[in-house]
Amino acid sequence: MVKINNLVKNYGNFKLDVSLEIQRGAVTGLVGKNGAGKSTTIKAILGLIKADGGSVEIDGTDVRDLTLKDKEAIGVAMSDSGFSNYITLKDVMAIMRKLYPSFDEAFFRDQCARAGLPFDKKIKDFSTGMKAKLRVLAALSHRAKLLIMDEPTAGLDVEARVETLDLIRDYLSCNDECSILLTSHISSDLEGLCDDIYLINDGKVVLHEDTDAILGKYGILKVDEEEYTKLDKSYLLRSKKTPFGYSCFTNEKQFYMENYPDIVIEKGSIDDLILMMTGGN
């Protein structure tokens, strides 16, 4: 669906140089610290910046050559953007009808009603959760084949997060060929939605793995100085010195469970992935 080949973008001392692929029907997570290059990658996919090298293709077409009709098949929900605070949902529907011939007004009305979004109130009177749901519903309501979701649940309480993620899951259940690129700082959101994860650090992809593999095969070894010296380090991705010894990140947790039954081994998570792969030695 989306293929990025050696995309290069320079901003002063920062250089983005990434390659990644989003498969048709897959939900791909893009994670990393602030300033790692996630937003720049998204802007390149959307054709909002001019790359200094490489290419970005959607369905085999370079983003620079996408037609208006091609662009109508892309839905976007960004955490730092949205509709004017001084319009209502009725105004939003009028805008969407003009922008997208494929806008499904019945779907939008029904989902807004289910989400408890008032049709006559101005958006400035919406709660943070309501605004987040509106951004997601607007992206979903024109039957997009590619969805770009940048921090769709940022700043939401637990209930609003769950409801927003349910909107995305319900859409996916009825549109199995839709592809999604999702960024989030909330690991449980990624673990519950994503098929695979790309980790970006300092403008480069430092790891790409299936989410199931991260949750099943990856782990954290907690060892003291003596245990660390005796440890087979063949399957360690990163090691970090701690007050008690070392924390070691591995993608072969089972190997260490079988060969070092006395050491502490914790289940890996996406948070561990980010912390260890961007902060370990």
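Buried, in this talk, means under 20% relative accessible area, exposed means over 50%, and partly exposed is in between, with a 1.4 Å probe and protein chains only. Helices (H or I, at least four residues) and strands (E, at least two) are DSSP runs, numbered from the N terminus.

The model is predicted, so local features need pLDDT of at least 70 and side-chain atom pairs count only at pLDDT 80 or more, while totals for chains, interfaces and linings use all residues. Residues are numbered from 1 along each chain as its sequence is written, and side-chain values use heavy atoms, with hydrogens and water left out.

I start with helix α5, residues 128-140. Of its 13 residues, 10 are buried, including Gly129, Lys133 and Leu140. What do the buried residues of α5 pack against? They pack against β6, α3, α4, β7 and α6, where contact means heavy atoms within 4.5 Å.

Next, the cores. A nonpolar core is a set of buried Ala, Val, Leu, Ile, Met, Phe, Trp, Tyr and Cys residues joined through side-chain atoms within 4.5 Å. The largest one has 49 residues, and among those touching the most other members are Phe108, Leu134 and Ile180. Helix α5 gives this core its largest share, 6 residues. Another core, of 24 residues, lies apart from it and includes Leu20 and Tyr198.

Now the sheet. Two strands pair if DSSP finds at least two bridges between them. Four strands form an open sheet in the order β2-β1-β4-β5, with antiparallel pairing. Strands β2 and β5 stand at the edges with a single partner strand each, so one side of each has no neighbour in the sheet. Helix α1, residues 38-45, packs on the sheet and touches β1, β2 and β4.

Last, the charged pairs. A salt bridge is a side-chain nitrogen of Lys or Arg within 4 Å of a carboxyl oxygen of Asp or Glu. The count by this rule is 16. One of them joins Lys133 and Glu163 at 2.4 Å, N to O. Lys133 is in α5 and Glu163 in α6, so this pair ties together parts 30 residues apart in sequence. Is Lys133 buried or exposed? Lys133 counts as buried, at 8% relative accessibility, whereas Glu163, at 32%, is partly exposed. Arg161 and Asp189 form another salt bridge, with the closest N and O atoms 2.8 Å apart. Arg161 is buried at 15%, and Asp189 is buried at 2%.

Definitions and conventions: Axes are lines fitted to C-alpha atoms, for helices over the stretch in contact, and angles run from 0 to 180 degrees between N-to-C directions.
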